[in-house]
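Please keep the sequence and structure in view while reading.

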Amino acid sequence: MTVATVDVWLRETPPARGAAGIGPETLDGLDPHERERWARLADPRDATAYLALHVLARREIGRLVGRPPESLRFDRTCPDCGRQHDVPRLLDDPGIHLSLSRTRSVVVLALSRSGPVGVDVDLVDATRFGGYEDVALHRDERGDDTRTFAEATTWVRKEAALKALGVGLRVDPTTFVTPRSGVPAAVVPGMSSVTVVDLDVPRPYAAAVALASPAGALRVRRH
């Protein structure tokens, strides 16, 4: 059996800092799109997490391809509107697939040469809102009124799977049943099957990584 590999980095973010606490050498490592996106984040916690994640991504990808982190070029063209806000694709080495996810306290990077990858992390409490079932669960998954860790796991598995397929939330998460961890599943008709694996993260969070690939087995290497 072919075994596909995904490399994952999960890091806690440093304490939130305002713009005055960010050194110019840090921002110089980002491209204009990243600097603009960072500057638009009003909450220092969001801005700090965004910066930490993109610095991490550039450092690890640069190490992998043997290039200075600041020289890496990404394309984020949205297929719907043409703007630069879609999944980042590495122009310098298209064979490397990447996915990013963040909360205000934890950021996650996933890289793979085995196929398109998706990763998602979220607070367990983020699923504790009225109407969660209507936006996240397939009809076969509804009916249990007990709010548990499983609900957050459902969400991150579904979002990781949709990220790996490159469609994101353009596909309604209620249209498919949550993939089982480690079991290939067809979640969008006509598209590749996806293998999702849960990630071991601090208890307030849930996280999952997914790979769109014909390979049935998925090995996750944590760094």
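How much space lies in the second largest pocket?

## The second largest pocket

In this predicted model, the second largest pocket holds about 270 Å³ of space. Of the 16 residues that line this pocket, Val87, Pro88, Arg89, His97 and Pro116 are the closest to its centre. Strand 3, strand 4 and helix 5 are the elements that each give two or more residues to the lining, and the largest share, five residues, comes from strand 3.

Sorted by class, the lining of the second largest pocket is made up of 11 nonpolar, two polar and three charged residues.

## The largest pocket

The largest pocket contains about 810 Å³ of space, and of the 27 residues in its lining, those closest to the centre are His85, Asp86, Val87, Pro88 and Leu100. Two or more residues of this lining come from each of helix 2 (32-40), helix 3, strand 3 (84-90), strand 4 and helix 5 (149-164).

By class, the lining of the largest pocket has nine nonpolar, eight polar and 10 charged residues.

With a cut-off of 30 Å³ or more, the count comes to one cavity, and the largest cavity holds about 50 Å³ of space. Its lining consists of Glu34, His54, Ala57, Arg58, Phe74, Arg76, Pro88, Leu98 and Leu100, with two or more residues given by each of helix 3 (44-65), strand 2 (74-77) and strand 4 (97-102).

Helix 3 gives the most to this cavity lining, with three residues, while by class the lining residues divide into five nonpolar, one polar and three charged.

Conventions: Residues are numbered from 1 along each chain as its sequence is written. This is a predicted model: local features need pLDDT of at least 70, side-chain atom pairs count only at pLDDT 80 or more; totals for chains, interfaces and linings use all residues. Side-chain values use heavy atoms; hydrogens and water are left out. On a 1 Å grid over the protein atoms alone, a cavity is a set of points where a 1.4 Å probe fits but cannot get out, and a pocket is an open set with protein on both sides within 12 Å along at least five of seven lines; lining residues have an atom within 4 Å of a point. Grid points are joined across faces, edges and corners, and a volume is the space filled by probe spheres set on the points. Helices (H or I, at least four residues) and strands (E, at least two) are DSSP runs, numbered from the N terminus. Ala, Val, Leu, Ile, Met, Phe, Trp, Tyr, Cys and Pro count as nonpolar, Asp, Glu, Lys and Arg as charged, and the others, Gly among them, as polar.
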